[in-house]
Amino acid sequence: MHKTLTILLFLLLFLAACCPVRYPQVLLEADSLASACPDSAVALLRGLQAEMAGERKAVQIYYRLLCVKAQDKAYIPHTSDSAVQAVLRYYEGHRDRRHLPEAYYYAGRVASDLGDAPQALDYFDKALEAMPRDGMLPLRSKVLSQMGTLFYRQGMYPEALEMYKGSLKSDSVLGDSVGIIANRLNMSLSYKSLGKQDSMRIFALSAHLLNRNMQRPPHTGDIENRLAWAYLCEQQYDSARLFLREALQNSNDRNKDAIYTTAGLFHQALGNSDSAVWYYQHLLHETSIYVRQVAYGNLAQLALAQNNPQKALHYLYEHNLCADSIQKITNTEGIRKVYALYNYQLREKENARLRAVNERNARGTTYLIITAGILSVMVVFYIRRRRKTWDSRIKAITKLKDEIYQRSEQYIHNNEIKIQQLSNLLQDKEKDLQESEATRQRLERQLKILQNVNQQINLEKDSRESAEYLLYHSEIYTRFRQRLKADGSKSRLTQQEWKCLQEQIDQCYNGFTSKLNGAYQLDDRELHICLLIKLQFSYTEIGKLVNLSLSGINSVRSRLYQKVFGIKGNAKDWDTFILSL
């Protein structure tokens, strides 16, 4: 009896150890709150500190992990790794490893905040290794994104771009629009550092279009700042000013330093030294040493331009101090070694997987050979037994020999007919298969062509929408709208203003004016009317801007249609033609 109770108790303890730990509901709520409202999660977890002291070890460790997570989500810099190291040691040494990938991830975040980039990358590698092969996609996306940021800070831009692409792939599978936007922004930054300005602008514009279609755009300010930078690099100052204005309106504590950096560079490029200095002076109070280095360097340039060598020397001294500090925390060689080890481990895993597959195939082949051998023995045994049975019936079969012979001749003849029929049928089927294969290949080629055409049309449509957005928010368009509100001579437009509007429309609509003049050489008034029709001004507004009556506007439109197409048409036919160009 005593032995039976001991066994039952042992079994109960074993089952309890195998069951996953159940955490208090308040910790699960704090975990959910950490992603949506990290500041509230930090406050909630601090209030639970005394209560957690009496909980089980597993609950206490989970509580510590949540504290690190909430602090990281709230953008509170980590100053020590003692808490996360205790969490990591616990999960590495216990059977329940549900939280091990997440523990590795936050250990990497802490190491990154402490300036140990190689150690951070090592932890991120271990986080990926601890995850299921195709599972935990949200965490996988974060890990890859953080690895991309580490590579970027070390100047390893191709490696950073590769990590951001992997993170984007995970977010695309999840349908996470916020993550997709963030990764496109990071990729645009990597392309900028690689000197690929066109790719930078394309990815920033795609993020901008996706962001503005969301009910609560999460990256407003960041995207506009990235676009302002892109157009500033291309010296398109009107477009840069438009997006920079929106970025400044949506700046916050998280992105203010980046936006102010762009604003300073913009005003420095335009020669507005006082405005540039104002923005750079604000950046000197930021905690990021990278931001202060840029600010001091640009302030030194402005001081030299203003013939103030003493101030320039001071700024240059501070710039060099920042550069020295950055050099101390930059460990590109260490990062490259860890990255090489990571790639080696990936290759070894793949080789191990292939070896396991080959071993399984070899075992399967062995089993198949053994089975075939056993079946062969059974068949031989069966044939010999049947022969003995047939020997006893030979005498009975001899009496039917003549009849069997006659039937055999007929049977052979019939078989020959069937063989001929089957041969003909096979030949027909081979022809049909060849025709079907050719048809399938032709259809696949047509399908691919149509898909490529649709893709090209969609790209051109997106580009046209972005160009129209810039046109309708341009300074010259706003000036024309303001002239409609003016009276008398103030509403008249100069030839330079008309020329500027024409250039903007030609840039947006790919040579609009040259297409018109190719069909018919227009005079100035006719061209001005066509430009305003393209911008969808009302006929009353057009008449005011070109100083012509409504009937006169209608007459010009009808006359142009008849001159271009050689047939009589109404004014609306001409409008349809203009809007289609």
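**A close look at H5 and H6**

Reply: Happy to. The crossing of H5 and H6 is left-handed. Please keep in mind that this is a predicted model. Two packed helices are described by the angle between their axes and the distance between the axes. Here, helix H5 covers residues 57-73 and helix H6 covers residues 82-92; they pack at an angle of about 135°, and their axes are 9 Å apart. Angles over 145 degrees would count as roughly antiparallel, and H5 and H6 are therefore oblique to each other.

Which residues of H5 and H6 make the contact? From H5 come Lys57, Ala58, Ile61, Tyr62, Arg64, Leu65 and Val68. H6 answers with Ala83, Val84, Ala86, Val87, Tyr90 and Tyr91. Sorted by class, the contact of H5 with H6 holds eleven nonpolar residues and two charged ones, with no polar residues.

Now for the chain around this pair. Its secondary structure comes to 28 helices and zero strands. The chain has 581 residues, and buried residues make up 35% of them. Among contacts in the chain with a separation of 6 or more, 57% come from residues 24 or more positions apart.

His267 has a relative accessible area of 16%, under the 20% cut-off, so it counts as buried. If you leave aside its neighbours within four places in sequence, His267 is in contact with Asn272, Ser275, Ala276 and Tyr279.

Most residues other than glycine have a negative phi. Asn510, although not a glycine, has a positive phi of about 55°. Asn510 sits in the loop between helix H23 (495-508) and helix H24 (512-519), and with a relative accessible area of 61% Asn510 is exposed. Asn547 is not a glycine either, and its phi is positive at about 60°. You will find Asn547 in the loop between helix H26 (539-546) and helix H27 (550-565). Asn547 is exposed as well, with a relative accessible area of 62%.

To come back to your pair: H5 and H6 are oblique to each other, and their crossing is left-handed.

Methods
Residues numbered from 1 in each chain as written. Predicted model: local features only at pLDDT ≥ 70, side-chain atom pairs only at ≥ 80, totals over all residues. Heavy atoms only, no water. Axes fitted to C-alpha atoms, helices over the stretch in contact; angles between N-to-C directions. Helix = DSSP H or I, 4+ residues; strand = E, 2+ residues; numbered from the N terminus. Parallel < 35°, antiparallel > 145°, perpendicular 65-115°, else oblique. Left-handed = near helix turned anticlockwise from the far one by under 90°. Contact = heavy atoms within 4.5 Å. Nonpolar A, V, L, I, M, F, W, Y, C, P; charged D, E, K, R; others polar. Buried < 20%, exposed > 50% of the residue type's maximum accessible area, 1.4 Å probe, protein only.
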